[in-house]
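Have a look at the sequence and structure first, then read on.

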Amino acid sequence: MDFEPWWLIFVPVLFALGWLAARFDFRQMLRETRTLPDSYFRGLNFLLNEQPDRAIDAFVEVAKLDPETTELHFALGSLFRRRGEMERAIRVHQSLLNRSDLPEAERQHAQHELAHDFLKAGMLDRAESAFEQMKDTRYALPALRSLIRIYESEHDWPRAIEAVKTLHGLVEEPVPQIVHYYCEQAQSALAAKPFNADAAHAALDAADHAAKQAGHGESAGKAAKVRTAMLRARLALLEQDPKRERMYLESILSDAPEFAGLIAEQLLANYRTADQAVDGLEVLQKQYAHHPSLDLFNVVFRELRVQQGAAPAWAFARGALRHHPSLLGLDRLLEAELGSANGGQQEQGPVRGADLSLLRSLIHKHTQRLDRYTCRNCGFQARRYYWQCPGCNAWETYSPRRLEELE
């Protein structure tokens with residue numbers, strides 16, 4: 001396309017229009033700036049000087065002077081909630097809701113923020129009521145997720161299950177914790193006096209069905225499957241069906257060998273009840289040979305000590321610790337040896353009396369921090385294994401191995 005010289009006339013015109021627009025915007029900005037209270041700029045200055053407490057006081061004064069500043073109210077409410085000042089956060093968001101001229105979108109936003117204030121303050125009834133009022137708003141999905149958290153904390157498993165089903169209808173994503181909700185129902189039925197076998201069977205069947213629907217891969221959801229098998233084994237024990245109990249426990253050895261330490265004692269007790277303690281020990285020894293763990297080591301060593309005496313038990317321990325060095329493992333076997341000696345057994349291992357106690361006390365001091373299960377999500381540590389982390393409330397975040405084995 002040919003260039004026409006007369007087009008150059010547009011250059012100064014466009015420049016002039018841009019200059020006028022810039023001056024108009026700048027003047028508009030100056031007029032808006034003059035309308036801002038001095039407290040606003042004091043608050044900004046305090047923030048820049050890393051004085052958040054004084055900045056908050058200044059912004060609160062701005063909010064009092066200009067009630068129309070809804071964005072500032074939301075910012076203050078969120079800041080109060082993060083700082084744990086729940087009364088002030090609730091008061092800020094309630095003051096927004098009391099305004100009759102508040103637009104519907106901002107009203108829903110304020111209701112959502114207020115519900116979170118109640119939740120963090122531990123006012124679960126009020127939080128639940130607030131979130132339920134948001135089912136038909138644009139905050140329906142986050143409100144439903146928060147309701148699930150509330151139902152979990154209240155151990156209201158039927159309502160948690162219904163909420164998860166509703167959530168699954170809104171978003172196409174797996175919700176694996178629903179299997180644990182059914183397991184929690186089964187566990188409650190087994191703990192009842194007398195235990196409710198029908199309710200336990202129904203809950204575990206539902207757990208299996210939910211696991212299949214979730215479509216877990218080989219590694220995902222393994223903890224839920226192990227938990228279901230463990231509960232079925234416990235139910236079989238209560239129903240006096242040792243063959244079925246053993247079947248479920250041994251399925252864990254083959255399908256999820258890393259969890260063997262959690263069920264080793266129960267499996268050994270099953271064999272012992274059938275007068276097959278030797279066979280049970282052999283099964284666990286073979287399991288340890290292929291999938292060693294500290295918890296399984298402890299069970300095998302103790303049973304060897306009972307069945308065959310100190311020499312074979314210590315021979316197993318020396319070989320195990322040679323291949324898998326572990327201070328916690330050494331602490332466990334010394335504890336077992338001291339327990340056997342205090343129980344009045346005549347036969348003693350290669351370390352005796354006061355030497356054994358001194359050695360164990362020295363080692364135990366250094367192994368206390370290692371004798372923990374740990375959450376891979378938040379790092380919360382506990383002496384017992386949890387299906388749901390007490391720290392962050394996440395499911396299936398605990399490894400069945402002790403902290404020393406993970407380091």
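## What packs over H10

The cover over the buried residues of H10 includes helices H8 (140-153), H9 (157-170), H11 (197-214) and H12 (222-238). Keep in mind that this is a predicted model. H10 itself runs over residues 177-191 and spans 21 Å from its first C-alpha to its last, close to the 21 Å expected.

Most of H10 is tucked away, with eleven of its 15 residues buried. Among them are His180, Tyr181, Tyr182, Cys183 and Glu184.

## Arg232 and its two partners

H11 and H12 also share some charged pairs. Aspartate 205 meets arginine 232 in a salt bridge at 2.9 Å, N to O. Since aspartate 205 sits in H11 and arginine 232 in H12, this pair ties together parts 27 residues apart in sequence. Aspartate 208 also forms a salt bridge with arginine 232, at 2.8 Å. That one links H11 and H12 too, this time across 24 residues of sequence.

How covered are the partners? Arginine 232 counts as buried because its relative accessibility is 10%, under the 20% cut-off. Aspartate 205, at 46%, is partly exposed, and so is aspartate 208, at 30%.

## Other salt bridges

The whole structure has 16 salt bridges. One of them joins glutamate 85 and arginine 88 at 2.9 Å; glutamate 85 is partly exposed at 22%, and arginine 88 is partly exposed at 27%. Elsewhere, Glu128, Glu132, Asp156 and Arg159 are linked in a salt-bridge network.

## The overall picture

Zooming out, the protein has 20 helices and two strands. Of its 407 residues, 43% are buried.

Methods:
Residues numbered from 1 in each chain as written. Predicted model: local features only at pLDDT ≥ 70, side-chain atom pairs only at ≥ 80, totals over all residues. Heavy atoms only, no water. Helix = DSSP H or I, 4+ residues; strand = E, 2+ residues; numbered from the N terminus. Buried < 20%, exposed > 50% of the residue type's maximum accessible area, 1.4 Å probe, protein only. Expected span 1.5 Å × (residues − 1). Contact = heavy atoms within 4.5 Å. Salt bridge = Lys/Arg side-chain N within 4 Å of Asp/Glu carboxyl O.
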